[in-house]
Structure formats: structure tokens, C-alpha cells
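Colleague: I would like to learn how to read a model like this one. Please take me through a few features.

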2 protein chains.
Amino acid sequence: MSQSHPNAPTAPTAPNDTWLVDLTLTPPSLLDNTADAERLERALAAALGVDHVERDFDLLGALPEQLRAWDYRARCVWFEDQGRARLVALCDPRREVPPLGLAVDLGTTRLVIRLLDLATGNGLGETTFDNPQIEVGPDILTRIHFADSNDGAEQLQRLVVGGLNRAIVGLCAAQDRDPEDIHLVAIAGNTAMTHLLLGLEPRWIIREPYIPVVNCPGLVRGRHFGLRVSPGAGCYVFPNVGSYFGGDLLAGILFSGIAEADEPAILVDVGTNAEVVLGNRDWLIACAGAAGPALEGGVTKMGMMAGPGAIDRVTMDPATRALGLHTIGEEPPRGICGSGLIDLAAALFLSGRVDIRGKLVPEWCGEQLTQADDMLQLILVPASESATGADLTLRQADLDSLMRSKAAMYTILRTVTRYVGVDFSELKAFYVAGTFGIYIDPRAAITIGMLPDLPLSTYQPLGNSSLGGATLALTSRARFGRIDALRDRITYLELNVNQEFMNRFSAAKFLPHTDPERFPSVRVLDD
Amino acid sequence: MSQSHPNAPTAPTAPNDTWLVDLTLTPPSLLDNTADAERLERALAAALGVDHVERDFDLLGALPEQLRAWDYRARCVWFEDQGRARLVALCDPRREVPPLGLAVDLGTTRLVIRLLDLATGNGLGETTFDNPQIEVGPDILTRIHFADSNDGAEQLQRLVVGGLNRAIVGLCAAQDRDPEDIHLVAIAGNTAMTHLLLGLEPRWIIREPYIPVVNCPGLVRGRHFGLRVSPGAGCYVFPNVGSYFGGDLLAGILFSGIAEADEPAILVDVGTNAEVVLGNRDWLIACAGAAGPALEGGVTKMGMMAGPGAIDRVTMDPATRALGLHTIGEEPPRGICGSGLIDLAAALFLSGRVDIRGKLVPEWCGEQLTQADDMLQLILVPASESATGADLTLRQADLDSLMRSKAAMYTILRTVTRYVGVDFSELKAFYVAGTFGIYIDPRAAITIGMLPDLPLSTYQPLGNSSLGGATLALTSRARFGRIDALRDRITYLELNVNQEFMNRFSAAKFLPHTDPERFPSVRVLDD
């Protein structure tokens, strides 16, 4: 599958799969004196094979001059809005610059925007930036509480829209394009971020029974929230399934293709929560649970996000049991990111430095093991070699935290598959979204029992699946057309932390598991 | 038919015929965590028995607090927009003040607005004012040319919207209502006026092949053109059939009920043009022609619009042949309005003062006949008795002009009925719209051969049929639902001024006609 590669360029779109239609109208005459608007709408409806086309009132202002200047030809940008074809923009058919689209990954932490040629589907450029709302709070919960204050919600909206606008202007300038040529925008974000972007009350999202203002915002005008694109631009906001199942995940499902395949597959997106979707073309089941903290670099003392100087890969020489560290950009080590931590844990386990309970084993750790604050810790990089000038250490508490996260992850995967009676071995593909998916070594994740012991080829990094889904919505009418059906098909499985779940969780808090037969490929070095 | 009376109060609407729905929603729970918007939409769709309800993005902002404050009850104002139910406003169900509607007769010369209670359909008050665009030009043509200048179109839009807003604020203040409570507006105007109100390019309306920007503007938001009503108010603009067949006439057809009757009837609206619609529930045929100038008070030297001091009725004592004049408000005569002129011409003809060619007859006119500028003129009111301090005179040229107008009127009526093979005698009703319809004496109009010689009961004044139609759109879903079908059923008959038309016209330029057998009821006094 081409879209499974994280760095795949956006695929050129089929000519009849775009949101563009070039029309040639019959000029009016005394015998055919239909008004300009209805003339255009009828021609467009005929071209699209639909009964009716909706249009914005604002398109009427320039319409008479446009049609006459363009000799009754027009390039129409349209989109589907609540099941109806909607004319979004009219462009000069003689102009060579194509109408543009903008795909937005509206992340809590990072945003990515991608500029697209709507005619070809080709990506023209991307840019990434930190969510400016971080200045209010790094996590969604803090922001939602902040939104309750006086003009908190407006301030949060201003921050994120401001950041988007700066990025749009910068990206367009770099690509020598005009933001006014952006007529379609697709935005994939979690439910809270979507609400904050649109200026919608987020407070009930986090209060029982967890109710969003809207599930399907549909096509919102860019001017409704001040986006620096064509004023009439249609902004498609991916629908959510609920407060804890956002449009970003729906975009990911779309991008992964799992809802279009015969065989079941899994999609995992690890963030603050681990979000898991299991399904095929007939059914989809989703759940989410707290599994991520240790993997996001936020919990371990030396943890950091994937970035220059982050230890992202740890190897272990079976002959000498020596550890080899690799850093992003091959810079002096500054910390360890999620994938590095998993690699490290796997290497420590396989080399005997950590036992099956996840505890550091003094006999095997040697002089790298020290004690601080009554706790064992392993010095991974001495101060003299680190970029920070301090030892980079892995504390027993960091390991304990990782054990909980990996156990939670496995338990969620186990629970969701058992729920529908699918065995791990039946999974055709296991997609791992995000940066995490790109950097993680499935081998290491299997070794610590975080991911099931499947053939390595089953694991496929998806890259930025939110951005990928948003891109698809703009470049493929056919793929876009599946979103609503896909959304309606999702069963959300509430993870009840009951006795069965806790039993599974306890059993998964071993390396790789209390039942090693589930992980036949994991072989610890002999003593 | 109750709506045929010009001064009929607006009829109370049937409870299930309004645009209001009171909803009680199931409050959300952990097992039913649909978002607020979708919860509301589903309940509304179920209440209306439709699949889908559209809503404005702007409604979402206040929705969460409203639903919770109102215990998940809501009073919804909705309307039909392009065949779909659209939620227009949400109101507090505990509030006693009803949601309001505003019906607008958007006349070239005069505007009338009527405030309505959307719950009962009752009219709460009306106000009338001159179209402020008159300062640019009294007629549409001048205004359209003016709109071509720099910011001419914006200026014209500002003028009429400003006038409307002053009237809305005044009317609401007088009725102790809040303009913010106006959630639905229905506007009936001719095509050019509608374009000028909405800020749409009017220039192609008057240039061959006479193309409006839009035929069916549909439901426009009040804020789109700055109307001083609830910002999200839905403004229904009556569709036009073409540049010369405006929404005002469609509103009139709706109000008259001719499109809902079994037997054919005629609707005549006399303005600058005479607009004629003939039809029944199965077919409708419309045409328009220049017939009005002499009847509008703009051509005759002493002509004026119906108003205080206008001679509106002229009687003739068969015994003495003396003329009796009545003025509006019984004030000293200031001029003569259309109905008075027709009365006068009939009286002069019946008394022998005017011959069948429409010429003043010196033998019968006596000393009231004078000569000025080489032209005969009849002094109707001597200077000593008039409000102007000058003689009020009827010149031969005024009579000639009236002869042309009345002949044109009769010819149009004859042409349109012949076109579909309907005899005048088959007409069930003959509706005459506007002030003209209220003041005109059908007996006099028959006498001069302007209207066909039908039983007087056939003639029914409609009053302000544009306002009446606009009112119906807001107070009866059932009647509103007929507009589109009605519009699609109209055949517009282009009045070709060919030889046949000219022959008819010439034959009609006699009193009452060259063929007096067509007017058996008209009896001139014996010499």
C-alpha cells in the first residue's frame, strides 16, 4: 500500500477524482434567459450528475462579471457538505495557477500544514510548528479549564489561528503561492482541539457524560474562524465520534485503508492516550486508554521528544552484551525518546540487565549501576559524553513506568481483539501512526511484550496519518466519500477497568509476559 | 376568500402550519453521548419528519449553554431552504415573547413592512415609507445606471437597507418588541429592487438578453446585507422568473390563490408596467406591458399618487350631467389619482363631454372648456377652489395618454386570454392588486373599456398582494411550500408588438371599444 510509507509523496489524483470541474456554459439568449447563478448551478449539477448544487451567497457578487469575462467558462471548486454538492469557489479557467488545498494536522503539541495542488493532488510543501496554545498549557485539560475563564476560549482560538495563519503565509511565500488561492482546507484534530479552533465551548468534553458541542462540523467557511485563506474557502473539519475519539483518528483510519480491506487490521496511534482501531471493511472497533506517558518522553527523567540528540536506537552486541547508542542527527546524546527507551528496555532485558519483572539486575549491570535517592539507576551516558553535561540515567522508576505503559498497551490490544474474537495472528497489518510509528523498532517492542509477536512485516509505520487523511479528503473524492460511512460504522469500546482487565494488565507486567509462549520469538541471552 | 379583502387582518395560522417547533430532547448520558448539535438536529428532524436538518455554524456557539439552561428543551425557528429544512434560530422555550417575523413589500416607490407573531401568525403592526433610493432616481432604470458608477451599488444598498432598518427599529419600538427577536424575514420585490437590496450587480437586468444574477436567492442571512434583525435571521427573498417578472408578482400570485383554484382567474398589478397573470391550479401564464403611466399619476398634468387631496372618485348625475368630485380625506382638491382619472374619463364619456375617440366635445363641455398652448383643456376645479391655488385641468393630451394606457391594458388582457383560448366570461375572478385595486371603480374602468365587461362581483381588490404573499410565506408552511412549484409552472408570454397586437391596440383606442358589443353594459346618455 503506497500510503503506508511515512515519507510517501502525496499520490497524484485521478482526473475525475478531484474537487475541480471545468465548465462551459451555454451563453444566455432571449430564449434562454435563466439567471447567471442558476445557469451555473445547472451546468455544475449536470457535470456532477446530481440533482442540486448548493452555493454560498457570497459567490453571487462577482459572478456576472466573471462569467462574461470568462466567456461563460468557469473552473469550479466544489466539495460535499452534508451529503450535498456545494460550489465553494469559481476560478478563472484561463489562469495557469491551480486552485490550492491545505491539509492540516491540528495536533495538541505540533501542527503540520501541507499545501496541495487541487488539480493534480500533488503536495507543494509542508511546514510544522508548535501549537501556540502550549503557552497556556501543554495539555488539553489545562487549556479546557483555561477556556472557562473570561475570554479564555477566544484567546486559545486566536493563538492557534494566529499560528496557522503565520504558517500559511510563510509556506505560501516559500512556494510562491497566494493564500487567496487556497479554496479547500481539511482539518484533522482531536475533539478538543477542533472545538478550540472553531471557538466552540469545550467544557462539556471533559465533564461526564463527555458531550462535544458538535460531532460533524462539516464544511465551515474559513472566515468563520479567521483563517488566512480565500474568504469563501470551505474548511472541512473531520468529524469526531465522541469527546475521546477525534477527527484525527478518523483521518488516520481513512489514511490507513483498514476500513477498505477484507482482512482485519489494527491501527495504533500512541500519544498521551494509546488509540487503537481494529477492523475491516465490515466493522470497526475503537478504544483508547492511558498507555503512552512513558513512551512520549514525558515521564522518564532523561526522556525527550524525538529530535536532535535524542537516543532513538539502542543495540546490544550478543557476544559482548555491550550497548550501542544511536542519536538523531548523530549528535551528542541529550536524552532518550520513546523508541530509544523501548530499544533500551529490550536490550537490557535480553542482556540480563533487567529481569522478567522489569527490575535492574545488579549482577549484570556492573559499575554502571548506582544508587540515588534510595533508587537504583543505570548510567547510560556519563556526564563527560552527554550533551547536557550530566549523566543520562535510567532509574528503576522509569523502568517501572515503562512496564505499566507497555502492559497497558498490550492489555488494550488484547482486550479489543478478544472483544471481537480476532486472534492477533489473523491481523493482516498492524499500522503504527505518528513519529512513534516511524522510529519504533517493532522487534524491540515485541521483545518487551508491548506489541504482539507477529511477523515483523505485519508492522507498518503510517507516518502522520492525520495529515495523510486530511490530504486524502482534498485529493480524492472517492476516498472522502467513505468518511461518513466509516464514522457510522465505528463501535467505540469503553475500556472498563474491571477485574478481567486488571488480570490481563498484571499478566502483561512482565517481560515479555507471564506467558512467554505468546512471544516465541523472544530469546533472552543465556546466563 | 378571506385574503381577497385588502384590509383583512393576517389570518391566524394553524398550529402545525407554523415555522416553530417546540422540542424536548433526551438529555445526554454515558450511554448516549451524541454531541449537542446532532442531538438537537435529530430531534428536530424527527419532529419534522425529514431525514436531515441543516443548521448554521453560528448556532453552535451558544448551543451547549442554551440546552443545559433550558433543561434540554428548545423552541426552534426553522424554514425551508432549497428543499431542505434549515434550523434558523433557537429560542428559550420558557420565554413568553414569541419569535417574530417580518414581511417586506420592497417597492420601487414605497416600502411596507409588517411585524408578525410567528406563533400565531397575527400581524402586530405595519409601517410604510418612501424608498430612500428615490433620492438617486425615481425609477429603476436611473438607479441601475447609477449602480454602474463607482460605489453606486453600495450606495443604493445602503439607502434601502438604512430605510428598512429605521422602519424596523421604529416599528419594533412602537410595538414594544426587540428587533433581535425577528428570526424570519420574507421579502417580495421586483427583480431589480431585490438585486439592489442584496448588493447584486443589476446591470445585466436591463441589457439584452436581460439576465438577472440570480433567480432564486433563497434564504439569505440578515447579516449578509446588514438588516437590523437577529444576526442569524433567515431572510427569504421571493424568487423571480426573470428580469421583468419579479418576486413581488410571485408573492401576489401566492396571495391571490389563483394558482390553487380550479377555474381560471386573472391577477393584474398596475405599476409602471401592467403585470398580468392568468391561470389556475394547472397552468399559469404571465405577461407585462407598458400600460400604466397615465394611471400612476405621473403623466397627466394634475396627476398625483393616491393621497390626501387627491380626487379619487368622480360621479355624474344623469339628470343634470353635473360632475361630483370626491377627494381622499375630503380635503380641498390638489390633483387627481389614477382611479379618479378613470372615473373622470368615464363620467365625461357617459355625459357626452368626450366622444368615442376620446376627444373633448366643446358642445357638451360648456364654458369649462378652455384652450391653452394650442390644446383644449377642461377646467375641473377652478383655482379658487383648489388646494394649489391654480386651476386643476384635464388636457386633451392627458386624455390621449389615458386612451393609450387603457387600450394597452385591454389589449394585454385580450392577448393573454386569446393566447390560451380562455374567454373573459370564463374568468372566475379578476384580482386587482395594489392601491390601484383598492381605489379603482371597476364600473368606470369597464365604461372606458380598460377592463372587460364582466359582472362587477368578478373584480376583487387584493390590496398589497406583495405584502400579503410575504406574510403567507412566514405564517403558512403549506402555502409557502407551493411557491417553487408555482414558479416553475409559469409561462412567460413575451408580448410581441406585432401587427395583430397593433390591430387590437388600435381597436381598443375607442370608448369603450370599436366593437361596442363587447361592452353591453356601457350606456352613454342620450343627446
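This is a predicted model: local features need pLDDT of at least 70, side-chain atom pairs count only at pLDDT 80 or more; totals for chains, interfaces and linings use all residues.

Colleague: Take helix α6 of chain A, residues 247-256; how many of its residues are buried?

Modeller: In general, an α-helix has 3.6 residues a turn, so residues three or four places apart point the same way. Here, 10 of the 10 residues of α6 in chain A are buried, so the helix is largely enclosed by the rest of the structure. Among them are A:Asp248, A:Leu249, A:Phe255 and A:Ser256. Buried means under 20% relative accessible area. Just after α6(A), A:Gly257 has a positive phi of about 80°.

Colleague: What is the strand order in the open sheet of three strands in chain A?

Modeller: Strands of a sheet pair through backbone hydrogen bonds, either parallel or antiparallel. In this sheet the order is β15-β14-β16, and the pairing is mixed. β15 (323-327) and β16 (335-336) of chain A are the edge strands, each with a single partner, so one side of each lacks a neighbour in the sheet. β14(A), residues 310-316, runs antiparallel to β15(A), and five bridges join the two. A:Thr315 is opposite A:Gly324 of β15(A).

Colleague: Which helix packs on that sheet?

Modeller: Helix α7 of chain A, residues 338-350, touches β14, β15 and β16 of chain A, and its direction makes about 20° with that of β14(A).

Colleague: What rotation superposes chain B on chain A?

Modeller: A rotation of 180°, with 0.1 Å of shift along its axis, gives an RMSD of 0.1 Å. That is the relation of a two-fold axis. In chain B, the residue closest to the rotation axis is B:Arg84, at 5.4 Å (C-alpha). Of the interface residues of chain B, 100% are also interface residues in chain A, so the copies meet through the same surface.

Technical notes: Residues are numbered from 1 along each chain as its sequence is written. Chains are lettered from A and ligands numbered from 1 in the order in which they are written. Side-chain values use heavy atoms; hydrogens and water are left out. Buried means under 20% relative accessible area, exposed over 50%, partly exposed in between (1.4 Å probe, protein chains only). Helices (H or I, at least four residues) and strands (E, at least two) are DSSP runs, numbered from the N terminus. Two strands pair if DSSP finds at least two bridges between them. Contact means heavy atoms within 4.5 Å. Axes are lines fitted to C-alpha atoms, for helices over the stretch in contact, and angles run from 0 to 180 degrees between N-to-C directions. Copies are superposed by least squares on the C-alpha atoms of residues with pLDDT of at least 70 in both.
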